[in-house]
Amino acid sequence: MNVYKCEECGEKFKKEQLDPELFNEGEICCKNCTEFLLESGRDFVDPDHNYDSFEDWEENGG
Ligand SMILES: [Zn+2]
């Protein structure tokens, strides 16, 4: 069975445990790390969490 090494955390994952969008772009990143990176990005643009979600910020903030 093929496993892939996450470029962020270095753990090995099966394909279905990786972020499919990033995988299509040729990046190996597990879903845990993707979520973590998204949260970090959100904290960066919205440190006080004025918006419900990153999508909310994209639509109403920014
Ligand atoms: Zn990872």
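**Close-up views of the predicted model**

**View 1. Nonpolar core around Cys6.** Cys6, Leu18, Cys29, Cys30 and Cys33 make up the largest nonpolar core, which has five residues. A nonpolar core is a set of buried Ala, Val, Leu, Ile, Met, Phe, Trp, Tyr and Cys residues joined through C-beta atoms within 7 Å. A residue is buried if 20 or more other C-beta atoms lie within 10 Å of its own, exposed if 12 or fewer, and partly exposed in between, with C-beta atoms placed from the backbone. This is a predicted model: local features need pLDDT of at least 70, side-chain atom pairs count only at pLDDT 80 or more, and totals for chains, interfaces and linings use all residues. Residues are numbered from 1 along each chain as its sequence is written.

**View 2. Contacts of cysteine 6.** Apart from neighbours within four places in sequence, cysteine 6 is in contact (C-beta atoms, placed from the backbone, within 7 Å) with Glu11, Phe13, Ile28, Cys29, Cys30 and Cys33.

**View 3. Glutamate 39 in helix α2.** Helix α2 covers residues 31–45 and includes glutamate 39. Helices (H or I, at least four residues) and strands (E, at least two) are DSSP runs, numbered from the N terminus. Glutamate 39 is exposed because 11 other C-beta atoms lie within 10 Å. Its C-alpha atom is separated by 8.2 Å from that of phenylalanine 54, 15 residues apart along the chain.

**View 4. The protein as background to the close-ups.** The protein has three helices and two strands, in the order β-β-α-α-α along the sequence. The C-alpha trace spans about 45 × 20 × 15 Å along its principal axes. Of the 62 residues, 10% count as buried.

Conventions:
Two residues are in contact if their C-beta atoms, placed from the backbone, lie within 7 Å.
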